[in-house]
Amino acid sequence: MRLPGYDYSQAGAYYVTIVAWQREMLFGEIVDGEMTLNDFGKIVRDEWEQTAIVRSNVELGEYIVMPNHFHGILVFVDDGNV
């Protein structure tokens, strides 16, 4: 869903959801009310955390890896480069 007329190339905070193919439970499972990451889930977490390290114009907000999807907030900062 996109906001009509909004310039998505500008700096700002963006809420991202990524869903596994066919909603397959690829990233772990809920055990006693808590998410337990499997190896794939750990890769998702680790790569998300690397994002701000390898991209100087990105800051990370809160995120969560779920069994079949991922939610996170990316903050794109204006670094002066266009």
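**Figure 1. The hairpin of β2 and β3.** In this predicted model, two residues lie between strands β2 and β3 of the hairpin, and Asp32 has a positive phi near 50°. Strand β2 covers residues 28–31 and strand β3 residues 34–37. The two run antiparallel and pair over four bridges. Pairing requires that DSSP finds at least two bridges between two strands. Val31 has Glu34 in β3 as its bridge partner. Strands here are DSSP runs of E with at least two residues, helices are runs of H or I with at least four residues, and both are numbered from the N terminus. Numbering of residues starts from 1 along each chain as its sequence is written. Local features need pLDDT of at least 70, side-chain atom pairs count only at pLDDT 80 or more, totals for chains, interfaces and linings use all residues, and side-chain values use heavy atoms, with hydrogens and water left out.

Figure 2. Gln22 sits in the loop between β1 (12–19) and β2. Arg23 belongs to the loop between β1 and β2 as well. The phi of Gln22 is positive, near 55°, although the residue is not glycine. Arg23, also not a glycine, has a positive phi near 55°. Most residues other than glycine have a negative phi. Gln22 counts as exposed, because its relative accessibility is 65%. Arg23 counts as exposed at 57% relative accessibility. The classes are buried under 20% relative accessible area, exposed over 50%, and partly exposed in between, with a 1.4 Å probe and protein chains only.

**Figure 3. Gly72 in strand β5.** Strand β5 spans residues 69–76 and holds Gly72. Is Gly72 buried or exposed? Gly72 is buried, with a relative accessible area of 1%. Leaving out residues up to four places away in sequence, Gly72 touches Tyr14, Tyr15, Val16, Trp48, Glu62 and Tyr63. A contact here means heavy atoms within 4.5 Å. Gly72 and Ala11 are 61 residues apart in sequence, and their C-alpha atoms are 16 Å apart in space.

**Figure 4. Ala52 in helix α1.** Helix α1 comprises residues 39–54, and Ala52 is found in it. Ala52 is partly exposed, at 31% relative accessible area. Which residues does Ala52 touch, not counting residues up to four places away in sequence? They are Val58 and Leu60.

**Figure 5. The setting of the close-ups.** The C-alpha trace spans about 45 × 30 × 20 Å along its principal axes. Of the 82 residues, 18% count as buried. Among contacts between residues at least 6 apart in sequence, 45% join residues at least 24 apart. The protein exposes about 6,400 Å², and carbon and sulfur atoms supply 55% of this area. Accessible areas come from the Shrake-Rupley method with a 1.4 Å probe, and for residues only the protein chains shown count as cover.
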